[in-house]
Amino acid sequence: MAVRSAAAKPKPMRKKDSSIQKLFRKPKILFPVALLFADAVLVSLIVTYVPYTKIDWDAYMSQVSGFLGGERDYSKLKGDTGPLVYPAGFLYVYSFFQYVTGGQVYPAQILFGFLYIVNLGMVLFIYLKTDVLPWWALSLLSLSKRVHSIFVLRLFNDCFATTLFHAALISFLYQKWHLGLLIFSGAVSIKMNVLLYAPSLLLLMLKAMDIVGVISALAGAALVQIVLGLPFLLSYPTAYISKAFDLGRVFIHFWSVNFKFVPEPVFVSRGFALFLLAAHLSLLTVFAHYRWCRHEGGLFSLLHSRFIQMKLRTFPLKQFSSHDSNFRFIRMEHIATTMFVGNFIGIVCARSLHYQFYSWYFYSLPYLLWITPFPTWLRLILFATVECCWNIYPSNIYSSALLLGVHLIILVGLWKASPEYPYEHDMNYKSSNSKKKGN
């Protein structure tokens with residue numbers, strides 16, 4: 001007996017060694033952690049040794065100073081780069097930065113460095129949950145010179161909008177649609193580019209919830225905009241709405257990264273804007289009908305089913321509860337794919353992409369490339385080409401034409417990708433079983 005007990009003692013040690021070995025055999029867990037740490041070191045080196053580039057920070061601080069000084073007329077909030085053109089959430093974020101940093105650049109860069117790492121951490125989490133990329137390809141998320149510059153050398157508000165969107169996307173992945181809509185609306189309040197995700201998001205909500213759930217979630221998002229803009233809506237509502245939500249702005253041709261090859265008279269024309277808008281809406285409709293709603297019989301079949309549901313529905317109070325009998329759990333991969341592709345279509349059809357706009361879709365680029373049927377070597381070439389085009393300053397007719405060409409190649413690859421089944425097969429069954437066991 002003594003011999004047997006002595007022989008049994010080493011077992012816990014073997015089990016411990018086995019657990020450590022198993023941990024090191026999971027590069028998909030260890031690699032993102034190592035990548036996050038390495039990028040944190042890189043960001044600290046950039047902040048310490050690379051000179052800050054003065055572009056919009058002083059203008060942001062001037063606009064915030066006017067707001068903090070009591071000005072509520074949006075048409076009078078201006079900086080050295082022009083009038084304020086962002087919704088009210090922008091003012092609250094940068095007012096906080098002015099309070100914390102005193103308007104100084106270096107401490108703001110440190111805070112933006114933390115923001116960069118938080119954002120990267122959320123992006124890595126999204127990639128791990130969707131499991132689309134091989135573990136080594138996650139390194140692509142840290143290889144952009146331009147994106148590092150946007151965050152810690154330029155301090156653009158795009159960084160906050162992008163980070164909040166990724167937080168909203170995580171909520172959507174976990175089917176927290178109402179919470180996600182609140183965060184999404186917060187992102188829109190900082191910069192309206194987040195609205196490029198709105199068509200895809202609305203489609204997903206129609207799949208996941210009945211009409212009452214969709215309306216209540218949208219109402220929550222609208223309420224966020226009203227609350228944030230209330231000081232301006234009560235004082236000068238016309239000025240606020242016209243400036244903060246101006247969808248008809250014409251950008252300067254010189255700064256265009258994607259359509260520099262288009263002659264300036266054409267670039268600023270209304271006809272070119274309408275053509276791109278028509279292309280945008282057409283592509284969204286085609287992808288929604290033949291790709292995103294394929295398993296529901298197409299876009300119009302889904303809309304018809306929701307219309308019929310709305311006509312037949314009665315509205316007893318109990319049906320406004322969060323427990324909806326028509327709720328369907330959507331697969332994480334389908335949510336991410338629909339959101340990222342919808343945004344990318346908007347990027348392809350955008351009349352002008354400025355350098356900071358790269359952050360609008362960079363973090364989805366590896367995902368998009370890996371859901372295409374392209375071989376890995378072509379994916380890497382396309383990724384490198386996009387990055388190269390965004391690092392050419394100033395852009396020229398060749399770099400912008402090349403960027404558009406690569407975007408179109410990726411779009412064709414996304415069209416050829418096989419649509420995945422959107423719903424979790426066993427979610428409703430599991431939840432009903434768990435309720436029965438609880439009873």
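I counted secondary structure and found 20 helices and two strands in the chain; helices (H or I, at least four residues) and strands (E, at least two) are DSSP runs, numbered from the N terminus. This is a predicted model, where local features need pLDDT of at least 70, side-chain atom pairs count only at pLDDT 80 or more, and totals for chains, interfaces and linings use all residues. Residues are numbered from 1 along each chain as its sequence is written, and side-chain values use heavy atoms, without hydrogens or water.

I looked up burial: 49% of the 439 residues count as buried (under 20% relative accessible area, exposed being over 50% and partly exposed in between, with a 1.4 Å probe and protein chains only).

Next I looked up the nonpolar cores (buried Ala, Val, Leu, Ile, Met, Phe, Trp, Tyr and Cys residues joined through side-chain atoms within 4.5 Å). In the largest, which has 122 residues, Tyr-74, Tyr-94, Phe-172, Trp-177 and Trp-390 touch the most other members. Helix 6 (residues 105-130) gives the most to this core, 11 residues. I noted a second, separate core of six residues, including Phe-259 and Leu-404.

Then I took up helix 6 and helix 8 (residues 158-173), whose axes come within 10 Å and cross at roughly 30°. The axes are lines fitted to C-alpha atoms, for helices over the stretch in contact, and angles run from 0 to 180 degrees between N-to-C directions. Helix 6 and helix 8 are therefore roughly parallel to each other (under 35 degrees; over 145 is roughly antiparallel, 65 to 115 roughly perpendicular, the rest oblique).
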